[in-house]
Amino acid sequence: MRSLTFVIGTGRSGSTALSRILNTHPDVLSLNEYMASVGDAAFPEGQVSGAEFWEALFRPTPYFASMIRSGLLMPEFLYTRRPGKYTGQSPGIPALSLMVLPHLTEDPDGLLDEIRAAVVDWPDRPAAEHHEALFELLGARLGGTAVVERSGYSTGWAPRLRAAFPYAKFVHLHRDGPDCALSMSRHPGYRVITLMREIRERTGVDSFGDLTAEQVRSLPPDLAPLLEESFDPTLVRDRPFPLNRFGVLWSELVTQGAQFLDALPSDQRMTLAYEDLIDSPRDELARLAAFVGIDPARPWLDSACAQLDGSRRGSAEKQLSAAGLDELRISCAPGIRALEEQPR
């Protein structure tokens, strides 16, 4: 069995660049946004048939499909940059095709067909075993003795991943709070997340599947349309957002990640700060390689360092007023404390 490592974090923290860097290592199978793509649908309880597992990999991710139909594209949507036989219209872009497979191959449609041919006939077994078999299939097809999955906005997934894969290692990747929150505020995905959090707060539901028609009607006219199959993208793109909302979100996520890591054995946990990665890329990438179980070969390190861009560091201090920065720091304070208390 290949080693398995999950990089968890808030997103907007250099994590996409890290996936690209890991993908250039010959011994790594880099699964970019795998958990964000397959989500809850791929982890049902009990025995799962191969056909059912394939459906979870193929079925378009609902909230991403809605954004695509609405013309609200995220830079992470790799498939939409070089579209193949699937479009944003019904049935939509398969979950595995949107961000995972284009990261691995120039022919995501062909690889998806290969996966389907293998997966549909797999025997009934727990979902975690299907995932492990898929990782083995992809590793054999593409190379890589170490599997590294990395999704943004993933700290909430960590306990379920730990339960499914108790042997897995976890890296908590984080970035300066105000800088990360400012980046979130400009990203369409995090703007949607913030609005969905507001809908939950207003209605009191934990799952959108529990919403009643009456609760939907009670929502303001600039929120209710976001629950439809498509919506006016200006409702997200042009709306003013208080920055402190994103500071609160950042704090919740990094606190969640820090608390999760604290409960892990020391040999299964690692923290990685974006700022340290920018300041000491060779040392930090070598430390990550040792943790994952791969060789930090010099050619890989040379290539990796060339891919890192530190120009976004200190963006909040450069772009916000003193009062705005102070307000954002206050909303980030709980998360900052959680990181300060987290063992390295």
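Buried means under 20% relative accessible area. Keep that cut-off at hand for these exercises on a predicted model.

**Exercise 1.** Decide whether Thr155 is buried or exposed, then find what surrounds Thr155.

*Solution.* 
Step 1. Locate the residue. Thr155 sits in the loop between strand 5 and helix 9 (158-164).
Step 2. Apply the cut-off. Thr155 has 1% relative accessibility, so it counts as buried.
Step 3. List the neighbours. Leaving out residues up to four places away in sequence, Thr155 touches Ile8, Gly9, His172, Leu253, Gln256 and Gly257.
Step 4. A polar atom of the Thr155 side chain lies 3.4 Å from the backbone oxygen of Leu253.

**Exercise 2.** Work out how strand 5 (residues 146-150) is placed in the structure.

*Solution.* 
Step 1. Recall the pattern. In a regular strand, side chains alternate between the two faces of the sheet.
Step 2. Sort the residues. Ala146, Val148 and Arg150 point one way, while Val147 and Glu149 point the other way.
Step 3. Check burial. Five of the five residues are buried, so strand 5 is largely enclosed by the rest of the structure.
Step 4. Find the strand partners. Strand 1 (residues 3-9) runs parallel to strand 5, and five bridges join them. Strand 2 (residues 28-32) also runs parallel to strand 5, again with five bridges.
Step 5. In strand 5, Val148 is the bridge partner of Thr5. Val148 is also the bridge partner of Ser30.

**Exercise 3.** Describe how helix 3 (residues 50-58) packs against helix 7 (residues 108-119).

*Solution.* 
Step 1. Two packed helices are described by the angle and the distance between their axes.
Step 2. Read the values. The axes of helix 3 and helix 7 come within 9 Å and cross at roughly 160°.
Step 3. Classify the angle. Angles over 145 degrees count as roughly antiparallel. Therefore helix 3 is roughly antiparallel to helix 7.
Step 4. Name the residues in contact. Helix 3 gives Gly50, Ala51, Phe53, Trp54, Leu57 and Phe58. Helix 7 gives Leu112, Ile115, Arg116 and Val119.
Step 5. Sort them by type. The contact has eight nonpolar residues, one polar and one charged.

**Exercise 4.** Which residues of helix 4 (residues 62-69) are buried, and what covers them?

*Solution.* 
Step 1. List the buried residues. They are Phe64, Ala65, Ser66, Met67 and Ile68.
Step 2. Identify the cover. It includes helix 2 (34-38), helix 5 (95-98) and helix 11 (188-203).
Step 3. Look past the helix. Gly71 follows helix 4 and has a positive phi, near 75°.

Key. Residues are numbered from 1 along each chain as its sequence is written. This is a predicted model: local features need pLDDT of at least 70, side-chain atom pairs count only at pLDDT 80 or more; totals for chains, interfaces and linings use all residues. Side-chain values use heavy atoms; hydrogens and water are left out. Buried means under 20% relative accessible area, exposed over 50%, partly exposed in between (1.4 Å probe, protein chains only). Helices (H or I, at least four residues) and strands (E, at least two) are DSSP runs, numbered from the N terminus. Two strands pair if DSSP finds at least two bridges between them. A polar contact is a pair of N or O atoms within 3.5 Å; within protein, one must be able to donate a hydrogen and the other to accept it, and residues adjacent in sequence count only if both atoms are side-chain atoms. Contact means heavy atoms within 4.5 Å. Axes are lines fitted to C-alpha atoms, for helices over the stretch in contact, and angles run from 0 to 180 degrees between N-to-C directions. Angles under 35 degrees count as roughly parallel, over 145 as roughly antiparallel, 65 to 115 as roughly perpendicular and the rest as oblique. Ala, Val, Leu, Ile, Met, Phe, Trp, Tyr, Cys and Pro count as nonpolar, Asp, Glu, Lys and Arg as charged, and the others, Gly among them, as polar.
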